[in-house]
Amino acid sequence: MSILEVRGIEKTYSGKRILKAVDFDLESGKLTVLGGLNGIGKSTLIKIMSGDIRPDSGEIVFDGNRVELRSIVEARRIGIS
């Protein structure tokens, strides 16, 4: 069962689309690796999942509940760190 899910995440900076319709799941108790070339949006996705930046669109589901993370502090408060 997924503890954290992102669905349809999109992010654009200065007219350049960094993330386009990204889906990603993290399962409790499993090691997950996020890999890829430089500049493809790995750090941006992690920052979105941790509440550091907000996506332009898409949704984040944590422990079965849709959440809107407005800050890292808020994410930590609900258990994402």
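Modeller: What follows is a set of questions and answers about a predicted model.

Colleague: Why is Thr 44 called buried?

Modeller: Thr 44 has a relative accessible area of 13%, and buried means under 20%, so Thr 44 counts as buried. Thr 44 is part of helix 1, and, leaving out residues up to four places away in sequence, it touches Lys 11, Tyr 13, Ile 18, Leu 19 and Ile 53.

Colleague: What makes Ser 14 exposed?

Modeller: The relative accessibility of Ser 14 is 85%, and the cut-off for exposed is over 50%, so Ser 14 falls in the exposed class. Ser 14 is placed in the loop between strand 1 and strand 2, and it has a positive phi of about 50 degrees although it is not a glycine.

Colleague: How do you know that strand 1 and strand 2 pair?

Modeller: Two strands pair if there are at least two bridges between them, and strand 1 is joined to strand 2 by 8 bridges, with the two running antiparallel, so they meet that requirement. One of the positions to look at is Leu 4, whose bridge partner in strand 2 is Leu 26. The two strands form a hairpin with 2 residues between them, and Ser 14 is in the turn.

Colleague: Which residue of strand 3 stands opposite Leu 4?

Modeller: It is Phe 62 that stands opposite Leu 4 in strand 3. Strand 1 and strand 3 run antiparallel and are joined by 5 bridges, and since pairing asks for at least two, these strands also count as paired.

Colleague: What makes strand 3 and strand 4 a pair, and what lies in the turn of their hairpin?

Modeller: Strand 3 and strand 4, the latter made of residues 65-67, are antiparallel and share 3 bridges, which against a requirement of at least two means that they pair. Within this pairing, Ile 60 stands opposite Val 67 in strand 4. The hairpin has 2 residues between its strands, and Asp 63 in the turn has a positive phi of about 55 degrees, although Asp 63 is not a glycine.

Colleague: Which residues have the most contacts inside the largest nonpolar core?

Modeller: They are Val 6 and Ile 60, in a core of 15 residues. At least two residues of this core come from each of strand 1 (2-13), strand 2 (16-27), helix 1 (42-49) and strand 3 (57-62). Nonpolar side chains in soluble globular proteins tend to be buried together.

Colleague: What is Val 6 in contact with?

Modeller: Setting aside its neighbours within four places in sequence, Val 6 is in contact with Val 22, Asp 23, Phe 24, Leu 45, Met 49, Glu 59 and Ile 60. The word contact is used here because heavy atoms of these residues lie within 4.5 Å of heavy atoms of Val 6.

Colleague: What is the volume of the largest pocket, and which residues are closest to its centre?

Modeller: The volume is about 280 Å³, and of the 14 lining residues the closest to the centre are Leu 4, Leu 26, Met 49, Ile 80 and Ser 81.

Colleague: How many residues of each class are in the lining, and where does its largest share come from?

Modeller: The lining has 10 nonpolar, 3 polar and 1 charged residues, and its largest share, 3 residues, comes from helix 2. Strand 1, strand 2, helix 1 and helix 2 (72-78) each supply at least two lining residues.

Note on methods: Residues are numbered from 1 along each chain as its sequence is written. This is a predicted model: local features need pLDDT of at least 70, side-chain atom pairs count only at pLDDT 80 or more; totals for chains, interfaces and linings use all residues. Side-chain values use heavy atoms; hydrogens and water are left out. A nonpolar core is a set of buried Ala, Val, Leu, Ile, Met, Phe, Trp, Tyr and Cys residues joined through side-chain atoms within 4.5 Å. Buried means under 20% relative accessible area, exposed over 50%, partly exposed in between (1.4 Å probe, protein chains only). Helices (H or I, at least four residues) and strands (E, at least two) are DSSP runs, numbered from the N terminus. On a 1 Å grid over the protein atoms alone, a cavity is a set of points where a 1.4 Å probe fits but cannot get out, and a pocket is an open set with protein on both sides within 12 Å along at least five of seven lines; lining residues have an atom within 4 Å of a point. Grid points are joined across faces, edges and corners, and a volume is the space filled by probe spheres set on the points. Ala, Val, Leu, Ile, Met, Phe, Trp, Tyr, Cys and Pro count as nonpolar, Asp, Glu, Lys and Arg as charged, and the others, Gly among them, as polar.
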